[in-house]
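Good morning, and thank you for coming. I would like to take you through a structure that may be new to you, one part at a time.

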Amino acid sequence: MRRAARLAALVLPLAGLAGLWGWSHHLSRQGDEWEVPIMGYDPRDILRGHYVEFTYDWPGLDAADFSAPLSALCLSGTAPVIERAARASAAELATCAHPVRGPSEGIYGSDALRRGRLYAGQSRARELDKALRDQSQRAFVRFRLRPDGTIMPLDIVLRPFGPEQRPLEYR
Amino acid sequence: MGARKIEAWHKAGIIDAATRDAIIAYEADNARPVALWAVFGIGALAIALGLISVVAANWEEIPGLFRLAVHLALIATGLGALALREQKLAARSPFVVEALLFITGALGLTFFGHLGQVYQTDSPLWQPLGLWLVLFAPLLFMMGRGWPVATALMGVLLWAVWDYADSAERISGALRGGMEMALWLALVTSLPVLAAPLAGSLRGKSARSEFWRQLEQIALAYAVAGASFAAAMASAGVFSSSDAATTTAAMALRGAVGVAAGLALTALRPGLSGRMAGTIIAGAGLVLPLAYALNDLDIPAAALFMVLWAGIAAAALKAGWRGVFQLAVGVIAARLIILSFELASDLLLSGFGLIAAGLLVLGVGWGALKVSRRFAPENAA
């Protein structure tokens, strides 16, 4: 009995962490990849590691409109190109082909669809910082939209400004 | 202990030659090369910090899966070593098992942050902390031997419950959490006190009594700190007065958990020291609702604070805890000095007032020193 409990206590942490890893990995494979332009950014370096903090610039949405909380969006277009993002009510979300739901208890709380962060290594963060200052190009966050409506930022990509600002193809 | 000192005692006729030789032989056998350990420790720390900063700076070049695999393998190695060699290592030095356990637990905690970096996810802090407790607490309870693991366990527990209460309040803030939420959070934040009766009951039966003693003491410190903080809040009058019924109920529930924990400890560890520790925890529980009742009443709130600490001093006197008694006397003296400034804040504005304040501080300090020297009990064996 005592041996079994001991063994269980030793195996539990390993099994739990491995399971959590597997689950995170599984979740990271769900859904399609989209791209959304970003506006502000802020390269951070806090104990948790280097990251770039940015503000989403959803196409078709007035970013300065803070009159209502931004808790859900309906995207139209085909991945990775967002043609339009619109505020959506619960009923509209149910019929939406590409719903986005903001998690209410993440780091950004109810601001999760306005702001986000991307963890990047030290040198990559420095490169991004420099590139984002460059006015001739536009930055996009490539993110994965899971079927449950969660977004997971994957990378920041840069494209020159031009007649067609939107990415034409997946890079 | 220097051999010279022993030689001097021998010359002074305090110990005979046989005792001298026995002491020197004993010291030679049991000497702990502290300096050597310190050098090893500093070396190991430097290597560990170097590894962390190399990994942190270049982590993008190292594939995420590989990094996570190495991290998990390190945890597995720690757990494997504990599984196979715990008894052997503990026989040689319990400190080694404690350090191994602590490091394995710390690696487990950082794994959550590492996962978040690789998969770009985040969650409120209480979730990884809580999950860590679920996964690691059984192991730590089974193998913890001293203060490092006990402190880590209670530290993570307190951090998790307060972060949970904080984020739950923020989320429900918009919805006005109401009575149910307030009671739930009061229950969650007072749960850590229950570690005291749990640890107290196991303390006598376990071979690792030092670990359980530490757990019990941290839970007791949490109860006393909470009660002191509540009394200080009442002195400052910062309890919100808008929803009195909710706050009263929450403080009453917290107090009830404290009293229950104290009584349980008294019953489960029947010796004098257990009874006194239980009494202190129960008393601290009683203080919580009283503090709220005395909100914004300067003198009664300060008196409540001093009654709490006078009770602690009395319990320490009875149980023979010298350090605790002296601490309690010091805390009461400090509160007296602060109270004098609260009541007569213009003392500092005139020359005469300054002199009076200085004399008062000196007097209270001198009195406290006298009391703590004169009446402090000898440490109980």
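Ala3(B) is exposed, because 12 other C-beta atoms lie within 10 Å, and a residue with 12 or fewer counts as exposed. Please keep in mind throughout that this is a predicted model.

Ala3(B) belongs to helix H1 of chain B. That helix, covering residues 3-11, is hardly covered: among its 9 residues, the count of buried ones is 0. Just after H1(B) comes Gly13(B), which takes a positive phi of about 85°. Ala3(B) and Asp21(B) are separated by 18 residues in sequence, and their C-alpha atoms are 9.9 Å apart in space.

**Confidence**

How far may we trust the coordinates of this chain? The average pLDDT of chain B is 85, and 93% of its residues score at least 70. Where in chain B is confidence lowest, and where is it highest? The lowest value falls in helix H3, residues 34-58, with a mean of 74, and the highest in helix H12, residues 272-293, at 93. For the complex, the predictor gives an ipTM of 0.71 and a pTM of 0.76.

**Helix pairs in chain B**

Let me turn to how helices of this chain are arranged. The axes of helix H4 (residues 64-92) and helix H5 (residues 94-119) of chain B come within 9 Å and cross at roughly 165°. H4(B) and H5(B) are therefore roughly antiparallel to each other, since angles over 145 degrees are classed in that way. Their crossing is left-handed.

Further along, we reach the loop between H12 and helix H13 (298-319) of chain B, where Asp296(B) lies. Asp296(B) is not a glycine, although it has a positive phi of about 70°.

H13(B) has its own partner in helix H14 (residues 322-343) of chain B: the two axes come within 8 Å and cross at roughly 165°. That makes H13(B) roughly antiparallel to H14(B). Here too a left-handed crossing is found, as H13(B) passes H14(B). Which residues meet between H13(B) and H14(B)? On the H13(B) side they include Phe305(B), Met306(B), Trp309(B) and Leu317(B), and on the H14(B) side Phe325(B), Ile332(B), Arg335(B) and Leu339(B) are among them.

**Chain A**

Chain A has 3 helices and 8 strands. Along the sequence, these follow the pattern α-β-β-β-β-α-β-β-α-β-β. The chain has 171 residues, of which 26% count as buried. Considering contacts in chain A between residues at least 6 apart in sequence, 59% join residues at least 24 apart.

Why is strand S7 of chain A, residues 137-145, described as largely enclosed by the rest of the structure? The reason is that 7 of its 9 residues are buried. S7(A) runs antiparallel to strand S8 (residues 151-160) of chain A, and 9 bridges join the two. One of the residues involved is Arg138(A), whose bridge partner in S8(A) is Arg159(A). The hairpin of S7(A) and S8(A) has 5 residues between the strands, and in this hairpin Gly149(A) takes a positive phi near 95°.

That concludes the presentation. Thank you for your attention.

Technical notes:
Residues numbered from 1 in each chain as written. Chains lettered and ligands numbered in written order. Predicted model: local features only at pLDDT ≥ 70, side-chain atom pairs only at ≥ 80, totals over all residues. Buried ≥ 20, exposed ≤ 12 C-beta atoms within 10 Å, placed from the backbone. Helix = DSSP H or I, 4+ residues; strand = E, 2+ residues; numbered from the N terminus. Pairing = 2+ DSSP bridges. pLDDT = per-residue confidence, 0-100. Contact = placed C-beta atoms within 7 Å. Axes fitted to C-alpha atoms, helices over the stretch in contact; angles between N-to-C directions. Parallel < 35°, antiparallel > 145°, perpendicular 65-115°, else oblique. Left-handed = near helix turned anticlockwise from the far one by under 90°.
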